[in-house]
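Visitor: I would like to learn how to read a protein–DNA model. Please take me through it feature by feature.

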There are 2 protein chains.
Amino acid sequence: MENLSRPVTLRMIADEVGVNVSTVSRVINASDAEARRWASGEVIERIRSVVAERGYQRNPQAASLRTRRSGLVGVLVPRLQDFVLATIYEGIEEAATEQGISTFVTNSLDIPANQIARTEIMLSRRVDGLIFGDAHAGEPFLDELAERGVRFVLVSRRSGNHISATCDDVMGGRLVAEHLLSSGRRDIGILAGQPYASTGIDRTAGIVQACREAGIEIPPHRIVQGGFDAPGGHEAAVRMLEAGGCPDAIFAANDFAAIGAMGVLRERGIAVPDDVAVVGYNDTPLAAELPIPLTTVRSPMHEIGRQGLDLLVSMLRGDEVESVRLAPELILRASSASAVPKM
Amino acid sequence: MENLSRPVTLRMIADEVGVNVSTVSRVINASDAEARRWASGEVIERIRSVVAERGYQRNPQAASLRTRRSGLVGVLVPRLQDFVLATIYEGIEEAATEQGISTFVTNSLDIPANQIARTEIMLSRRVDGLIFGDAHAGEPFLDELAERGVRFVLVSRRSGNHISATCDDVMGGRLVAEHLLSSGRRDIGILAGQPYASTGIDRTAGIVQACREAGIEIPPHRIVQGGFDAPGGHEAAVRMLEAGGCPDAIFAANDFAAIGAMGVLRERGIAVPDDVAVVGYNDTPLAAELPIPLTTVRSPMHEIGRQGLDLLVSMLRGDEVESVRLAPELILRASSASAVPKM
DNA sequence: GCACTTGCGGCAAACGTTTGTGTAAAGCAT
DNA sequence: ATGCTTTACACAAACGTTTGCCGCAAGTGC
C-alpha cells in the first residue's frame, strides 16, 4: 500500500521520448509558439503527450535552486483571527494561486520584535518578496528592510512612501463625518484604534478634518485609542465615557470595536441610535446581523489583498509600481438613524 | 543601494575555515555532542563562529532537493474568514514554526472540486504532508489520497478512521442537553450546521442522545441544517420557526449561527432567554460581548491546531499515531438563564 | 613489532532543473 | 559544388546541499 514510486522527472520524460532533458525543459516552459524555436512539431507533440500521460510535475525546489527564484511570498499580518486581515489574506492567496505563486502567512501580533523575527524566517525560506499587513507608523524596520534590497509591499496600512494597497481611509472618515453631521449629531467621539496603525490614524484624520471644515472641533478627550477587536472597543468606550460623559455619536475605526462599544452602551442603558449614533468600519458580515444593525464604512478588503499581491509581482518583475488607494463606501443602517425627537 | 551580494553558502564557510563543505554541513546539522564525531573541538568552534559572523542561512530548496523532504505542509480549510478555522490554523502555524516547518494554507470553500484541485497544487509544491480542516463525511476523496500514500491528518472534523485532532463534539452536545434539561427546557431546536461536517453531526448526535436518555425525543422538524455563519444561522432559524413555531431552547452548532438566530428572534419579538434559551458553540470572543451574552461550549481550537500539526510530524517521522479528541467546556451566560416565571 | 580500532576529515556523487554554447544536418543562394 | 544561414537538437555546467565511502594518522591491544 506504500507508495514508493518516485515522482516523474524530466530525465524520465526525455528518455521515453528519446531526446535530451534540455529539450524537454524548453518545450515545457515555452508557449506554444515559442516551443517551435526549440523542437520540431512532431517532437513537441510527443513530449506533450508523454508529459500528460505520465503526469509529470516539475520539482519546484530543483527549479528554484537553479533559477534563484522560489515562487514564494511571505505574508505578515497582525492576526489572522481578525476578520479584516483574514479577508485581505484571502485576496492575496487567491491572486497568488492565479499567478502560480505560493504564500506563507504568519501572525506578528503587532509586536515589532515578532515582525523582525518572522521576517527573518520568511527570508531564510528564500521568499521572493514579502507582504506586510502590520506596518507600524514610525518604526524604522521597513526602511531598513528596503535598504537591504528586500522587495515588499504593504496592505491595509500604509507607511512612509513604501508601495501599498489600502483603502482610502481619510475619505472613509470624511464620509462618516458628513453623514453624522447631516443627521444632526454634533458631539462626536472616536475610537481611533491603535496609534501605530495608519488605518486608525487616517480614519480619525478624515473625520476630524471634515468636522473642522464644518466648524466643529473634536476635542482631544473625544479621541481614545484601543484595540481593533470587541474587548478593545469595550475598554476604549469605557474610557471615553468616563472622561467626558456620552457623546451623541461614536465612530469606531473598526466594526468589532463598535460592537464592544455597543456592549458598554447597553450596560449603561444608553440607547442606540436615539441617545447616541454608532458607526463602525469595514462592513463585517456581522454588522448587518446585530440586534441594532450597524452603520459602517465598507472597505474593499478582498480587493486590497489582490492588488497587494499584484503590486508585488509587478515589482519583482522589475516594473515601476505605484501605491493604490481604493474607495470606501458608506453603508447606512439603524445604529445611526436620526434620533427620534422626544415628545 | 541594490543588494546584489549573493547569499552565503556552505562553500564560502568551508573555504574561510579551510575545511571541506561536507564537514561544515555535518557540524551544522548535528547536535553539540554528535558534532564531535565529525570534527575536532577546535574546528567545530571555528565553523560555528564563521557561520554566525557571516550570517549563513541554509538554502532550503537545495537541501530539499537532496533530502527529498521539503519541510512544507499544506493546510486546507473551508474558509479562513471563519474565526474557528482561523484560530485552528494559528495553532497549526505556531506549532509548525516551533518545529522549523512552514505551512501553506488555502480555502476550499467546502467545495469538493476545490479540495481536489487545491490538494494537487499542494502536492505539486512537494509538501511532506497535509492537514485538512474541511473533511467531508461520505466523500471518497480522503480514502483515495491515503491509498496513494499521501500523508495527512484531519483537524476540527473527523472522517472514517483517518487520524484527526478534534473536539469531543458528542460530549459537547451532551453538556448542552444536560444544561438545558436541568433548567427546565423541554422543546429543543437544533441548528445542526452542514450535513457533511462531523462537527455538526456529532454535536447534534450528542444532544439528541442525551435528551433521549432523559426521555425526551427531539422530532425531525426541530433539526435544521445550514451554514456555520451568521447568515446561515439566520436562514436556518427562520426555517425552524416556520416549520413548527418557536421551541423553548435553540442549540446552534456554532456561535455565529447562534448570533444569526438571535437576530431572527429579535425581529419577531421573541425574548431571550425568557421565551427561548440560546446556546452556541466554540466560545468566540464576541459571545461574551453580545447584547445578550451567549451561553456556549468552549472548544480548544488553538490546541486542536497544535495537536494536528504534531500528529502529522509524528506520522511523517514514521511513528504510529492515534487520533486525539479534546474535551469541551460549557460556558454559562445570560442567553440560557432559567426563564423568569411569569407572575 | 604487528594488526586493528578510532578520530577526523576529504572526495565525489547525487538530487532535478535551467540555460549558455556547440554542432550536425538541412535549406538556400550563388 | 561551395559557402552561408537556419533548424533542431545535444552537451554539460551550474545551483547548494547531504551523505556514503575512503584515507590517513594516532592510539590501542598483544
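Visitor: Of the atoms of DNA strand D within 4 Å of the protein, what percentage belong to sugar or phosphate?

Guide: One caution before the answer: this is a predicted model. For DNA strand D the share is 62%, and the rest of those atoms belong to bases. The corresponding share for DNA strand C is 60%, again with the rest in bases.

Visitor: Which helices supply at least two residues each of the surface near DNA strand D?

Guide: They come from both chains: α2 (21–29) and α5 (60–67) of chain A, and α2 (21–29) and α5 (60–67) of chain B. For the surface near DNA strand C, α2 and α5 of chain A and α2 and α5 of chain B each supply at least two residues.

Visitor: How do the residues of the surface near DNA strand D divide into nonpolar, polar and charged?

Guide: Near DNA strand D, nine are nonpolar, 12 polar and eight charged. The surface near DNA strand C divides into nine nonpolar, 12 polar and eight charged.

Visitor: Turning to the fold, how many helices and strands does chain A have?

Guide: Chain A has 14 helices and 12 strands. Its radius of gyration is 26 Å, well over the 20 Å from the globule rule for 343 residues, so chain A is more spread out than a compact globule. A box of roughly 90 × 40 × 40 Å along the principal axes holds its C-alpha atoms.

Visitor: What percentage of the residues in chain A are buried?

Guide: Of the 343 residues, 55% are buried. The accessible surface of chain A is about 14,800 Å², with 51% of it belonging to carbon and sulfur atoms. For contacts between residues at least 6 apart in sequence, 71% join residues at least 24 apart.

Visitor: Is Glu90(A) buried or exposed?

Guide: The cut-off for buried is under 20% relative accessible area. Glu90(A) is at 5%, so it counts as buried. Glu90(A) sits in helix α6 (residues 83–98) of chain A. Setting aside residues up to four places away in sequence, Glu90(A) touches His302(A), Arg79(B), Leu80(B), Gln81(B) and Asn107(B).

Visitor: Where is Ile304(B) found?

Guide: Ile304(B) is in helix α14 (residues 301–317) of chain B, and counts as buried because its relative accessibility is 3%. Beyond four places in sequence, the residues Ile304(B) touches include Ile88(B), Val155(B), Cys167(B) and Leu326(B). The C-alpha atoms of Ile304(B) and Cys167(B) are separated by 7.2 Å, although the two residues are 137 apart along the chain.

Terms used:
Residues are numbered from 1 along each chain as its sequence is written. Chains are lettered from A and ligands numbered from 1 in the order in which they are written. This is a predicted model: local features need pLDDT of at least 70, side-chain atom pairs count only at pLDDT 80 or more; totals for chains, interfaces and linings use all residues. Side-chain values use heavy atoms; hydrogens and water are left out. A residue is near a molecule or strand if one of its heavy atoms lies within 4 Å of it. Helices (H or I, at least four residues) and strands (E, at least two) are DSSP runs, numbered from the N terminus. Ala, Val, Leu, Ile, Met, Phe, Trp, Tyr, Cys and Pro count as nonpolar, Asp, Glu, Lys and Arg as charged, and the others, Gly among them, as polar. The radius of gyration is taken over C-alpha atoms; the globule rule is 2.2 Å times the number of residues to the power 0.38. Buried means under 20% relative accessible area, exposed over 50%, partly exposed in between (1.4 Å probe, protein chains only). Contact means heavy atoms within 4.5 Å. Accessible areas come from the Shrake-Rupley method with a 1.4 Å probe; for residues, only the protein chains shown count as cover.
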